Amino acid sequence: MAQRREPLERELLALGWYHDNLTRHAAEALLLSNGQDGSYLLRKSNEREDLYSLSVRGKDSVKHFHVEHTGTSFKFGFNEFSSLKELVMHFANQPLIGSETGTLIVLKHPYPRQVEEPSIYESVRVHTAMQTGRTESDLVPNAPSLGTKEGYLIKQGKIVKNWKTRWFTLHRNELKYFKDQTATEPIRALDLTECSAVQFDYSQERVNCFCLVFPLRTYYLCAKTGIEADEWIKILRWKLAQIRKQLEERSATLSS
């Protein structure tokens with residue numbers, strides 16, 4: 001199996017937009033900071049040896065899609081390609097891609113693995129050793145997950161209990177909602193560090209609903225499909241678990 005994969009790996013590495021072992025987090029950081037709407041890259045998936053991930057930049061989020069190598073072909077979405085060359089030709093024609101959120105992205109800008117950079121470094125002018133009593137065990141690497149997502153959801157009003165469609169973006173520990181996808185200023189930004197729970201909700205006269213529980217308010221949201229609602233719930237719950245984990249690690253460090 002490994003021998004059969006070697007020629008494929010050589011073919012993939014010849015692709016300027018194949019990023020090999022780039023992690024999901026690093027792909028999101030790259031595309032969000034230096035890509036644009038329609039930027040994309042291909043990388044190995046950490047789930048299975050025969051899976052690859054296509055990471056695609058939308059407006060304010062990065063979506064990830066599986067590309068499966070069956071041994072004789074590549075499967076992507078509803079299409080199957082007999083060779084890597086055929087798959088690459090598909091992307092050269094700038095196809096549309098969409099997910100359960102209903103947003104469509106034109107794949108226009110393959111993100112290069114190699115980017116020309118200047119070999120210029122800053123000079124160290126000040127470097128003072130501080131005697132704080134801290135040791136190597138105190139050097140705990142820590143960074144918030146990007147874990148981005150965006151899409152339209154239907155939201156219940158706070159006072160007048162009517163429902164309005166709003167554009168939602170999830171980035172780091174913030175869930176923002178806007179009047180629509182073209183708006184630049186959010187109506188509100190919700191700090192997920194203050195959220196205590198995310199769960200399916202069956203109290204509304206609507207389907208595919210879920211709620212976010214905050215100290216002063218519970219937000220009721222509905223998606224177009226059950227799959228879409230499930231995607232939002234999964235990533236929001238994952239965010240809350242990460243926030244709690246970081247708080248516990250910080251607390252343990254302070255008490256030690």
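Start by selecting Lys-149: this residue is buried, with a relative accessible area of 9% (buried means under 20% relative accessible area, exposed over 50%, partly exposed in between, with a 1.4 Å probe and protein chains only). You are looking at a predicted model, where local features need pLDDT of at least 70, side-chain atom pairs count only at pLDDT 80 or more, and totals for chains, interfaces and linings use all residues. Residues are numbered from 1 along each chain as its sequence is written, and side-chain values use heavy atoms, leaving out hydrogens and water.

Helices (H or I, at least four residues) and strands (E, at least two) are DSSP runs, numbered from the N terminus. Glu-231 is partly exposed, at 31%.

Next, select Asp-20 and Lys-44, a salt bridge whose closest N and O atoms are 3.5 Å apart. Asp-20 lies in the loop between helix H1 (2-13) and H2, while Lys-44 belongs to strand E1, 24 residues away. Show Glu-9 too, as Glu-9, Asp-20 and Lys-44 are linked in a network of salt bridges.

Last stop: helix H2 (residues 24-34). Which of its residues are buried? They are Ala-27, Glu-28 and Leu-31. Seen down the axis of H2, they fall within an arc of 95° (taken from the directions from the helix axis to the C-beta atoms), so they line one face of the helix. On the other side of H2, Ser-33 and Asn-34 are exposed.

Note on methods. A salt bridge is a side-chain nitrogen of Lys or Arg within 4 Å of a carboxyl oxygen of Asp or Glu.
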